Amino acid sequence: MSIGSHIPNNKTLLVLIALAALIFRALSAAVVFTNDKIMFLGYDSFYHMRRIVHTTHNFPDYLTFDSYLNYPYGFDIAWPPLYDQLAALLALILGAGNPDLHTIEVAGAILPALLGTLSIIPIYVAASTIFDKKIALMSAAVLVFMPAHLMVTQIGATDHHAAEVLLSTAAYALFIYSLRSGRMNDITFTKLRNRDRTIARPLIYAALSGVFLILAVITWAGSPIFIGLIFLYLPVQFSLDLKTGRSSQYLFIIGMCTYLTTLILLVPVVASTLRPGLEMSPMFLSGFHVIYVAIILVGIGILGSTATYFHTKGMDWWKYPAMVVTLAVLGLLTLKFATPNVYQNIAFGINYLFGGGEILGTISEASPLFFAVDGSFTLVNLWEYFGLCTLVALIAAWMIVKRVNEEQYPAELTFFIVWTVVITLLTISQSRFAYLLSINISILSGYLIMAIYTRPDKGGSRSSKRGSSRSIIPLIIVMLLFIPTIYTGISLANNPSMIPSDWDESVRWLDQNTPKTSFYDEATGQAEYGIMSWWDYGNWILYTGHRPVVANNFQTGVKDSADFFISSDENAGNEILDMRNVRYVITDIEMVKTKFNNIAQLSGEKTDSYYDLLTTHEGSKTIMRKVENDKFKQTMLVQLHVFDGVMLDHFRLVYESNTTVTTNPDVKYVKIFEYVKGAHLVGQTTPGDIVHAAVLITSNRERSFEYHNTAIADDDGWYEIIVPYATTNCPYDTAPADVIHVWSENGGQMVEVSISENEIVNGDTIHLIPLVQSMD
């Protein structure tokens, strides 16, 4: 039976399900397409758009190095190109070969919804091959509203995750079909040598599976896990076939065909994208991937040959998995000592995928499924990603495990179990991989729905007669189980994760009101200056603000960024900004309230040192809570965002967003500061005298605060105060309301100082008249 034979009988229903999937994924369009701009979702979508715009203008070439990242050093981009090339191609089609920016952004925004809708096809093929067409249709229907899948496939979620799901599911669906066809036709090496016609179909689909694995590899850097998953399955099935006395030649042939196709296509892909110095990097398309697949092919040869030998000799089946474990240990040891680079790269990739690494530990979406970033246990992620489908899937998994034993371990069903287990472990390690697990959860849910709806009657036959109580009751049960999940999915689609309006208006202000930088489109030369902010916001600043960033969502520049913001010494912070040629610093309230511990941790500081324990009594209860201490308040981050850079020499507030997040002090959501040389006010007073300089600042939001700085006169009475605000010709709406006043604590006259913008920018010295001490 061909794959095509599954679809025609259910064509109308499948089309309707696909249409529903597209409608659900288009719900976010109401907030993505606003007025004259497109609001992309999340963080990475903004850098994808940068690459998509570049690729559209230079098709099919794409950015492999970006001088606007890790400023001023630049950064090699590890993302494979296929997703951005697809979006660029769509833009070229929509724009008749010459699309404007709006058309390119429209293409980027709608692509994930199109790919998410297409995922209906491989999930149907996989489920219909493993089970039947009714379960396949129900599985596809569940995927329509699965929150974890909606999250990455809605309009505006311009990220490669939508492609990952589609391509990996397609690869596995084709592999599953080839398994079933090969097993049912009992393909053998004898038939292969004799070119028996029955071997053609399973081999074609095995080869197509390899094609989709390659497409996945040139879409996502983590795709070796998709390749490795099939390899992990093979020894399991070899063992089960031996247990049931079944020949595994079909499995041997299909496995070899899949990976040979992968290797043959991989070699030219790697050869055309190989980068100097990164020839064996697991994070880039490199020779590592070729060696990785080659090792798997050797492994399949060993596994298949020994399985055939075991079957021919009638050896005890349990000795085979014992041998596999022994060979795996020996193989890893051989890799470790014979080719340590390959071993380390494989270990690094596995560690990264399963959530290892200091930086990953600070990322909420990379946190374990059952734990928040702060380490507390939670079930919130499970509910948000799958709703009640988690419970449904657990029940269905138990039923399927029983079934696989009863049916003598059919290859396609065993593969589904291994596939589900591996992706579940991946998701438990990093919750963000829930979008991959959404396919398996949907199939399991579809299985249980049909099991409930067509449960056997007293005679043992299955029935789903319409209108009968036996049909209505299961329907009610299904509705009660899935209505909460549908509601969660609709809520997610209507309220997607978007860039806060304060951030959007701030980076757009940055683009329009600060000096333009060079090489934005080319991304090759060094721009005039860079922006310092926390890495979470780098992509927003880069794409919407059109400015180079020190740190971005590739976690580049993170250490320097953390060290700057956590520093309590302005001079130490300035050294970092000078090294990075930074002109503007952007902060927000989240860095102070929710991200501070991560910043401190990545700077190598103990987070507890920034808090004191405060004990309070409420009736008979004693309550202890953490409060920010002086060390917290002295960090550059808090000095800037909370205290407006008052008492700092080289930072002037130039912009703040609209939303007030706290009062006393009055703090806005986002603030932008300019790092300047500042004017040096030099004068003379009595030795040891404390001299003050102050000026009232009015922000672009009409908020007023006093900038104030001090200096202590030396033994000769000389003092120097550096001030960052110009009282004349200031180019920003945030500016002094009057002249700067300078006075000493020991009395004397108050001096009024007028400072030009050039004096602030050039770091000029301004000599003041002596502050003569007053007479009694």
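**Loops, helices and a salt bridge**

Modeller: P665 sits in the loop between β10 (660–662) and β11 (667–668). Keep in mind that this is a predicted model.

Colleague: Is the peptide bond from N664 to P665 cis or trans?

Modeller: The bond from N664 to P665 is cis, and its omega is near 5 degrees. Most peptide bonds are trans.

Colleague: What about the bond from F59 to P60?

Modeller: That bond, from F59 to P60, is cis as well, with omega near 0 degrees. P60 belongs to the loop between α3 (44–57) and β3 (65–66).

Colleague: On to helices. At what angle do α12 and α14 cross?

Modeller: Roughly 5 degrees, and the axes of α12 (residues 224–243) and α14 (residues 287–313) come within 10 Å. Angles under 35 degrees count as roughly parallel, so α12 and α14 are roughly parallel to each other.

Colleague: Which residues of α12 meet α14?

Modeller: From α12 they are P224, I227, G228, F231, L234, P235, F238 and L242. On the α14 side, the residues they meet include H289, Y292, V293, I296, G299 and F310.

Colleague: How many residues in that contact are nonpolar, polar or charged?

Modeller: The contact of α12 with α14 has 14 nonpolar residues, 5 polar and no charged.

Colleague: Different topic, the surface. Which residues make the nonpolar patch?

Modeller: V298, I302, V325, L327, V329, L330, L333 and F337 make a nonpolar surface patch of about 750 Å². The elements giving two or more residues to that patch are α14 and α15 (319–338).

Colleague: Which element gives the most to the patch?

Modeller: α15 does, with 6 residues. L333, for one, lies in helix α15.

Colleague: Last topic. How many salt bridges does the structure hold?

Modeller: There are 21 salt bridges in the structure. One of them joins D504 and K37, with the closest N and O atoms 2.8 Å apart.

Colleague: Where in the chain are D504 and K37?

Modeller: D504 is in helix α22 (residues 501–513) and K37 is in strand β2 (residues 37–38). The two are 467 residues apart, and the pair links distant parts of the chain.

Definitions and conventions:
Residues are numbered from 1 along each chain as its sequence is written. This is a predicted model: local features need pLDDT of at least 70, side-chain atom pairs count only at pLDDT 80 or more; totals for chains, interfaces and linings use all residues. Side-chain values use heavy atoms; hydrogens and water are left out. Axes are lines fitted to C-alpha atoms, for helices over the stretch in contact, and angles run from 0 to 180 degrees between N-to-C directions. Helices (H or I, at least four residues) and strands (E, at least two) are DSSP runs, numbered from the N terminus. Angles under 35 degrees count as roughly parallel, over 145 as roughly antiparallel, 65 to 115 as roughly perpendicular and the rest as oblique. Contact means heavy atoms within 4.5 Å. Ala, Val, Leu, Ile, Met, Phe, Trp, Tyr, Cys and Pro count as nonpolar, Asp, Glu, Lys and Arg as charged, and the others, Gly among them, as polar. Patches are made of residues with over 30% relative accessible area and no salt bridge: like charges are joined within 9 Å, nonpolar side chains (Val, Leu, Ile, Met, Phe, Trp, Tyr) within 5 Å. Accessible areas come from the Shrake-Rupley method with a 1.4 Å probe; for residues, only the protein chains shown count as cover. A salt bridge is a side-chain nitrogen of Lys or Arg within 4 Å of a carboxyl oxygen of Asp or Glu.
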